[in-house]
Amino acid sequence: MLEWAWLWVFFALPLPLLIAWLRSPAANVPSAALRLPYGGLALDQARGASPVPRLRSVLAALVWLALLTAAARPQWVGDIVDLPRSGRDLLLAVDTSGSMDTRDMALGGQAATRFDAVKAIAGDFIQRRIGDRIGLVLFGSQAFLMTPLTFDRNTVLTQLNESAVGLAGRETAIGDAIGLSVKRLHARPQNQRVLILLTDGVNNSGELDPHKATEVAASEHVRIYTIGIGAEAMRVDSFFGSQVVNPSADLDVGMLSEMAQKTGGRFYRARNTEELAQIYHEIDQLEPSAADSEHFRPVDELFYWPLALALLLAAAGVIAPRLRDVRFSRALAT
């Protein structure tokens, strides 16, 4: 069923006519001929002919109508879908700092970055959470809400897959990520608030201290499951030859454990892709609480169709006169 989000936008439809009407008295002032001393143009105006070609006027009107249609946000609302409700509100807070680009994980037998492993494993986790509201918070030097809590798992998955390392900055603001997540979960029932925080480092940015953020989360009954990702040994080649280093030396295990303990959650350590998959499998087994069933009507935005039409018509309005001039010049030349 077609619906309009902002149907009132069409009240602006006569706006161009109103502007033309307000400007018309100036064109009828007798002295106007003095300001336009071109005989041919004055003669056309005297005969009441518009200086603007009729085709361009029609195109301009169609462009205006298409723009208003796009601004009114047409939507196709689907049939009602019954949703099984487990009663969980899950927020995933994913670290996108620069260290998440470290290639100490593996996918399909090939070396992969930590962030690529998170995308693959967390993507499967999201697909399995049928009936839960899921949201996505990304954090680096700062934290921001990528996707609010929604039943639309495909949207969350798409947003996660389109994210990239460094999107929120190169540092790690764990405290800000928890603070933002607690704020977004505040309106939800107390027994349903769950935050899954994944990071590979230590808090070195942001305004909110992680310990203070943990106290706020505990007071708001937000259960935090923390996951520390990253291998403990990786061979690297340097000027002095090949050597084994610990790429997770900066991981703050103590802080992540304390966060989980104080909020009733649990700390997990993911040293490779298999451990990360097992962790999400364990979290996936969280006992859902009973809740009433809910209904959902999928909404597809259609504004981009009239917007594309407006752009095409505008382009035609620019190109058509130029083509006419070219043909006219060629006719004169022959």
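Trainee: What makes H5 and H6 count as roughly antiparallel?

Mentor: In this predicted model, helices H5 and H6 pack at an angle of about 175°, with their axes 10 Å apart. Angles over 145 degrees count as roughly antiparallel, and H5 and H6 are therefore placed in that class.

Trainee: Which residues make the contact between H5 and H6?

Mentor: H5 contributes Lys119, Ala122, Gly123, Ile126 and Gln127. From H6 come Arg153, Asn154, Val156, Leu157, Leu160 and Asn161.

Trainee: How do you know that the span of helix H7 agrees with its number of residues?

Mentor: Helix H7 covers residues 174–185, which is 12 residues. The expected span is 1.5 Å times one less than the number of residues, so H7 should span 16 Å. The C-alpha atoms at its ends are 17 Å apart, which agrees.

Trainee: Which residues of H7 are buried?

Mentor: The buried residues are Ile174, Gly175, Asp176, Ala177, Ile178, Ser181, Val182 and Leu185.

Trainee: Why is Thr214 called buried?

Mentor: Thr214 has a relative accessibility of 3%. Buried means under 20%, so Thr214 counts as buried. Thr214 is found in helix H8, residues 210–219. Leaving out residues up to four places away in sequence, Thr214 touches Ile178, Glu258, Met259, Lys262 and Thr263. Ile178 is itself one of the buried residues of H7.

Trainee: Why is Asp250 called exposed?

Mentor: The relative accessibility of Asp250 is 57%. Exposed means over 50%, so Asp250 counts as exposed. Asp250 is placed in the loop between strand S12 (241–245) and helix H9 (253–263).

Trainee: What does Asp250 contact, leaving aside its neighbours within four places in sequence?

Mentor: Asp250 is in contact with Gly201 and Val202. Asp250 and Ser99 are 151 residues apart in sequence, while their C-alpha atoms are 9.9 Å apart in space.

Trainee: What makes S9 a mostly covered strand?

Mentor: In S9, 7 of its 7 residues are buried. Arg193, Leu195, Leu197 and Thr199 point one way, Val194, Ile196 and Leu198 point the other way, and all are buried. Strand S10 is mostly covered as well, with 6 of its 7 residues buried.

Trainee: How do you know that S9 and S10 pair?

Mentor: Two strands pair if at least two bridges are found between them, and S9 and S10 share 6 bridges in the parallel sense. Among the partners, Leu195 is bridged to Ile224 of S10, and Leu197 to Thr226 of S10. S4 also runs parallel to S9, joined by 6 bridges. There, Leu91 stands opposite Leu195 in S9.

Trainee: Why is one side of S1 and of S15 left without a neighbour in the sheet?

Mentor: The open sheet in question has 3 strands in the order S1-S2-S15, with antiparallel pairing. Strand S1 (2–4) and strand S15 (299–301) stand at the edges, each with a single partner strand, so one side of each has no neighbour in the sheet. The twist averages 35° from one strand to the next.

Trainee: Which residues have the most contacts inside the largest nonpolar core?

Mentor: This core has 29 residues, and those with the most contacts inside it are Ile196, Ile227, Leu276 and Tyr280. Elements giving two or more residues to this core include strand S4 (89–95), helix H6 (153–161), strand S9 (193–199), strand S10 (223–229) and helix H10 (273–284). H5 gives the most, with 7 residues. Apart from this core lies another, of 19 residues, among them Val182, Leu185, Leu197 and Ile224.

Trainee: What is in contact with Ile227, leaving aside its neighbours within four places in sequence?

Mentor: The contacts of Ile227 include Ile196, Leu198, Tyr268, Leu276, Tyr280 and Ile283.

Trainee: How many helices and strands does the protein chain have, taken as a whole?

Mentor: The protein chain has 11 helices and 15 strands. Of its 334 residues, 36% count as buried. Among contacts between residues at least 6 apart in sequence, 79% join residues at least 24 apart.

Methods. Residues are numbered from 1 along each chain as its sequence is written. This is a predicted model: local features need pLDDT of at least 70, side-chain atom pairs count only at pLDDT 80 or more; totals for chains, interfaces and linings use all residues. Side-chain values use heavy atoms; hydrogens and water are left out. Helices (H or I, at least four residues) and strands (E, at least two) are DSSP runs, numbered from the N terminus. Axes are lines fitted to C-alpha atoms, for helices over the stretch in contact, and angles run from 0 to 180 degrees between N-to-C directions. A nonpolar core is a set of buried Ala, Val, Leu, Ile, Met, Phe, Trp, Tyr and Cys residues joined through side-chain atoms within 4.5 Å. Buried means under 20% relative accessible area, exposed over 50%, partly exposed in between (1.4 Å probe, protein chains only). Contact means heavy atoms within 4.5 Å. Angles under 35 degrees count as roughly parallel, over 145 as roughly antiparallel, 65 to 115 as roughly perpendicular and the rest as oblique.
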